[in-house]
Amino acid sequence: CPKINEQAKSLIGDKITAKAEYKDFAVVGEEDVTTPAGTFKCIRLTGKVTETSAGSVSYNYTWWLARGIGFVKYEIRKEGDRKNSVTTILLNKVDIK
């Protein structure tokens with residue numbers, strides 16, 4: 001989306017540098033995950049990411065990965081969020097060539 005990219009550049013500049021620390025990632029199981037792109041047999045991986053470039057903000061991640069596809073679903077929870085809000089992103093389409 002060139003228009004969106006140009007708008008983003010005008011707000012934040014041409015480059016963003018971020019530093020993050022990935023900790024305690026582990027495969028915690030297998031499960032079938034259904035998304036708009038279909039149902040996939042996935043491994044579930046959990047861990048913590050701490051962004052250190054502008055203070056210290058930590059997020060708990062859960063990733064579902066399918067063999068030959070990659071990310072099918074992921075969830076992000078900000079540590080200390082009293083609302084316990086979750087951002088969920090699902091695979092929308094698979095285009096295998």
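**View 1. Lys73, Glu75 and Arg77 are linked in a network of salt bridges.** The model is predicted, so local features need pLDDT of at least 70 and side-chain atom pairs count only at pLDDT 80 or more, while totals for chains, interfaces and linings use all residues. Residues are numbered from 1 along each chain as its sequence is written, and side-chain values use heavy atoms, with hydrogens and water left out. A salt bridge here is a side-chain nitrogen of Lys or Arg within 4 Å of a carboxyl oxygen of Asp or Glu. Lysine 73 and glutamate 75 meet in one, at 3.7 Å from N to O. Arginine 77 forms another with glutamate 75. There the closest N and O atoms are 3.5 Å apart. Which residues of this network are buried? Lysine 73 and glutamate 75 both are. Buried means under 20% relative accessible area, exposed means over 50%, and partly exposed lies in between (1.4 Å probe, protein chains only). Glutamate 75 has 14% relative accessibility, so it counts as buried. Arginine 77 is partly exposed, at 32%.

**View 2. A salt bridge joins glutamate 31 and arginine 44.** By the rule above, the count comes to five salt bridges. In this one, the closest N and O atoms are 2.8 Å apart. Glutamate 31 lies in strand S1 and arginine 44 in strand S2, so the pair ties together parts that are 13 residues apart in sequence. Strands (E, at least two residues) and helices (H or I, at least four) are DSSP runs, numbered from the N terminus. Glutamate 31 is partly exposed, with a relative accessible area of 29%. Arginine 44 is also partly exposed, with 25%.

**View 3. Strands S1 and S2 pair in the antiparallel sense.** Two strands pair if DSSP finds at least two bridges between them. S1 covers residues 20–35 and S2 covers residues 38–51. Their pairing runs over 13 bridges. A hairpin of two residues joins S1 to S2. Look for glutamate 30, which stands opposite isoleucine 43 in S2. In a regular strand, side chains alternate between the two faces of the sheet.

**View 4. Strand S2 also pairs with strand S3.** S3 spans residues 57–66. This pairing is antiparallel too, over ten bridges. Glutamate 51 stands opposite valine 57 in S3.

**View 5. Five strands form an open sheet.** The order is S1-S2-S3-S4-S5, with antiparallel pairing. Which strands stand at the edges? They are S1 and S5 (86–90). Each has a single partner strand, so one side of each is left without a neighbour in the sheet. The twist averages 15° from one strand to the next. For such angles, axes are lines fitted to C-alpha atoms (for helices, over the stretch in contact), and angles run from 0 to 180 degrees between N-to-C directions.

**View 6. Threonine 62 lies in strand S3.** It is buried, with a relative accessible area of 13%. What does threonine 62 touch? Contact means heavy atoms within 4.5 Å. Leaving out residues up to four places away in sequence, threonine 62 touches Arg44, Leu45, Thr46, Lys73, Tyr74 and Glu75. Lys73 and Glu75 also belong to the salt-bridge network of View 1.

**View 7. Ring pairs link Tyr22, Phe25, Tyr61, Trp63, Phe71 and Tyr74 into a cluster.** Rings of Phe, Tyr and Trp (its six-membered ring) pair if their centres lie within 6.5 Å; planes under 30 degrees apart count as stacked, over 60 as edge-to-face and the rest as tilted. The count comes to five aromatic pairs. Tryptophan 63 and phenylalanine 71 have ring centres 5.3 Å apart and planes at 90°, so the pair is edge-to-face. Phenylalanine 71 and tyrosine 74 form an edge-to-face pair as well, at 5.8 Å centre to centre and 65° between the planes. Tryptophan 63 counts as buried, at 16% relative accessibility. Phenylalanine 71 is partly exposed, at 42%. Tyrosine 74 is partly exposed, at 25%.

View 8. The score is pLDDT, the predictor's confidence in each residue, from 0 to 100. The chain has a mean of 84, and 80% of its residues reach 70 or more. Which element has the lowest mean pLDDT? Where pLDDT is low, the predicted coordinates should not be read in detail.
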